[in-house]
Number of protein chains: 2
Amino acid sequence: MTNLNECLSATGVAMNKELERLLPISEGPEGRLQAAMRYACLDGGKRLRPFFVLQTAQLFNVANQAALRVAAAIELVHCYSLVHDDLPAMDDDDLRRGRPTCHKAFDEATAILAGDALLTKAFEVVAAPPTHSDPAVRAELVLALAEASGDRGMVGGQMFDLMAGEITMDVAAVTRLQNLKTGRLIGFSCEAGAILGKAPHQQRQALRAYAHDVGLAFQIADDLLDIEGDPEKVGKELRKDAEAGKATFVSLLGVERARAQADHLWRQAAAHLDVFDEKADLLREAARFVVERKL
Amino acid sequence: MTNLNECLSATGVAMNKELERLLPISEGPEGRLQAAMRYACLDGGKRLRPFFVLQTAQLFNVANQAALRVAAAIELVHCYSLVHDDLPAMDDDDLRRGRPTCHKAFDEATAILAGDALLTKAFEVVAAPPTHSDPAVRAELVLALAEASGDRGMVGGQMFDLMAGEITMDVAAVTRLQNLKTGRLIGFSCEAGAILGKAPHQQRQALRAYAHDVGLAFQIADDLLDIEGDPEKVGKELRKDAEAGKATFVSLLGVERARAQADHLWRQAAAHLDVFDEKADLLREAARFVVERKL
């Protein structure tokens with residue numbers, strides 16, 4: 001996996017540079033807001049979603065600048081959701097990526113506003129002309145990003161998660177919850193390249209199917225890490241789900257069956273890419289990586 | 001002002017209908033999120049921003065459906081900002097439009113998520129094809145809405161407001177704060193009709209100038225109401241600014257000079273509309289209304 005690791009690391013560097021450029025600090029008092037936005041976005045995370053955007057975009061020879069902007073926008077959405085998720089009224093987490101969470105480093109009000117501004121910035125970045133010369137592509141990207149992250153996507157999944165204690169959670173319910181909470185945005189990350197590249201229907205469908213399986217595999221791996229991971233390495237508190245008695249893939253299936261399911265899913269994800277040539281090799285490797293990662 | 005009152009009331013009815021249509025409730029547990037979104041948006045507010053969109057749109061014979069969707073999107077942004085503004089970590093308000101605030105009627109976590117989802121929905125609505133047949137118009141609207149409401153617009157203004165206690169606030173600073181916090185979104189409301197109608201530069205400039213003066217006049221009137229208003233009629237707690245020792249136009253200028261300034265501003269706003277014929281009469285009246293309203 002040398003190539004994949006190198007590529008992930010290069011994606012991280014490129015993403016940081018792009019986000020730095022997109023998040024300048026103003027002179028006025030709103031500078032504090034922008035500092036909180038940068039704190040929540042820069043120098044952190046696996047940048048897995050940006051990786052998916054950049055890799056799927058290069059399947060269709062999309063300009064690097066375009067792909068980087070959309071990748072940054074998705075990362076802005078992902079980071080805003082973490083900032084709000086960590087708030088005392090939500091998961092009440094003190095640690096994220098090995099550092100104090102945004103509301104700990106700043107304060108609650110600033111963290112709420114920083115999340116709001118990051119989400120807004122994501123749409124600003126996608127809609128702006130440098131993202132693509134064709135405004136139809138930009139409008140389609142905005143629409144797909146909004147659908148993936150709103151009440152019928154990511155935020156709906158977060159609400160579902162909050163309600164999970166009051167619902168009988170079987171494997172079907174956990175699958176639906178996770179598809180909303182993380183799957184839809186990962187799905188958009190993989191589809192964004194196809195939208196940017198105006199890809200034919202069949203290839204776009206293949207990427208959608210790949211994203212679906214990778215997203216689910218990613219979540220099962222997350223549940224396994226929550227049980228078996230090293231908090232030092234993962235950079236956040238672990239075993240919170242188990243302590244809260246939350247239904248997860250692991251609590252419902254057991255460790256062995258969950259691992260087998262994740263294994264099955266990454267292979268199936270890779271198989272969806274058969275319509276592409278060796279340009280998709282890193283995406284194939286990434287499917288395995290999301291399952292075998294240690295953080 | 002009979003016509004204006006009738007028009008505002010008709011705008012309220014049309015807006016409610018449009019928002020109801022745009023905010024359906026799902027079967028799953030995310031239905032609670034959608035119920036909170038509807039609670040925060042339906043049956044409330046003066047619908048002043050939608051009024052500006054609809055009135056400026058009809059100057060350029062924009063289809064009613066298009067204007068209604070953009071008006072709804074702006075109202076979604078306005079309502080999300082109120083939900084987050086009312087949170088305990090922010091203004092900690094219990095009452096809004098004469099009813100319990102969203103986090104009181106539901107809970108804090110749901111209110112945070114409802115705000116997030118309302119903001120996301122706004123961009124979804126603007127970017128979707130029914131808003132305008134030309135995707136360039138949709139992309140431009142998304143960009144302008146994001147710029148007006150993000151860290152260099154409304155959210156920046158909210159941060160500024162939180163920091164105001166630590167800054168020497170003179171009239172220039174309060175003007176800048178209010179322009180960010182409320183002026184930019186009111187400005188976009190007036191410009192949206194021109195974008196939808198692909199208006200010539202001069203007319204777009206006139207509407208921008210009108211919006212600038214109306215926005216400021218609106219805020220001075222708000223400050224006056226905070227001092228002199230009847231909390232029963234206004235539907236929210238008053239005199240909070242004065243009790244917190246916050247600098248406002250009224251605290252800096254005194255009641256008389258503030259009123260004179262508001263009076264000057266609405267006349268100046270109306271004068272910017274000289275480039276339009278009698279089709280702009282309701283906008284001229286509205287400039288006066290924002291100053292003389294009692295709620």
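User: Hey, what's the mean pLDDT of chain A, and what share of its residues reach 70 or more?

Analyst: Hi! This is a predicted model, and chain A has a mean pLDDT of 93, with 96% of its residues at 70 or more.

User: And what ipTM and pTM does the predictor give the complex?

Analyst: The ipTM is 0.95 and the pTM is 0.95.

User: On to the interface. How many residues of each chain are in contact with the other chain?

Analyst: The contact involves 45 residues of chain B and 45 residues of chain A.

User: Which elements of chain B give two or more residues to that side?

Analyst: Those are α2 (31–41), α6 (108–127), α7 (135–149) and α8 (154–163) of chain B. The largest share is from α6(B), with twelve residues.

User: How do the residues on that side of chain B divide into nonpolar, polar and charged?

Analyst: On the side of chain B that touches chain A, 26 residues are nonpolar, nine are polar and ten are charged.

User: Nice. Then what percentage of the interface residues of chain B are also interface residues in chain A?

Analyst: That's 100%, so the copies meet through the same surface.

User: Changing topic: at what angle do α3 and α4 of chain B cross?

Analyst: Roughly 155°, with the axes of α3 (residues 48–59) and α4 (residues 64–85) of chain B coming within 8 Å. Because of that angle, α3(B) is roughly antiparallel to α4(B).

User: Is that crossing left-handed or right-handed?

Analyst: The crossing of α3(B) and α4(B) is right-handed.

User: Which residues make the contact?

Analyst: From α3(B) you have B:R49, B:P50, B:V53, B:L54 and B:A57, and from α4(B) there are B:A67, B:V70, B:A71, B:I74, B:E75 and B:H78. By class, eight residues of this contact are nonpolar, one is polar and two are charged.

User: What about chain A, how do α3 and α4 cross there?

Analyst: In chain A, the axes of α3 (residues 48–59) and α4 (residues 64–85) come within 8 Å and cross at roughly 155°. The two helices α3(A) and α4(A) are therefore roughly antiparallel, and their crossing is right-handed.

User: And which residues of α3(A) meet α4(A)?

Analyst: A:R49, A:P50, A:V53, A:L54 and A:A57 of α3(A) meet residues of α4(A), including A:V70 and A:I74.

Methods. Residues are numbered from 1 along each chain as its sequence is written. Chains are lettered from A and ligands numbered from 1 in the order in which they are written. This is a predicted model: local features need pLDDT of at least 70, side-chain atom pairs count only at pLDDT 80 or more; totals for chains, interfaces and linings use all residues. Two residues are in contact if their C-beta atoms, placed from the backbone, lie within 7 Å. Helices (H or I, at least four residues) and strands (E, at least two) are DSSP runs, numbered from the N terminus. Ala, Val, Leu, Ile, Met, Phe, Trp, Tyr, Cys and Pro count as nonpolar, Asp, Glu, Lys and Arg as charged, and the others, Gly among them, as polar. Axes are lines fitted to C-alpha atoms, for helices over the stretch in contact, and angles run from 0 to 180 degrees between N-to-C directions. Angles under 35 degrees count as roughly parallel, over 145 as roughly antiparallel, 65 to 115 as roughly perpendicular and the rest as oblique. A crossing is left-handed if the near helix is turned anticlockwise from the far one by less than a right angle, and right-handed if clockwise. pLDDT is the predictor's confidence in each residue, from 0 to 100.
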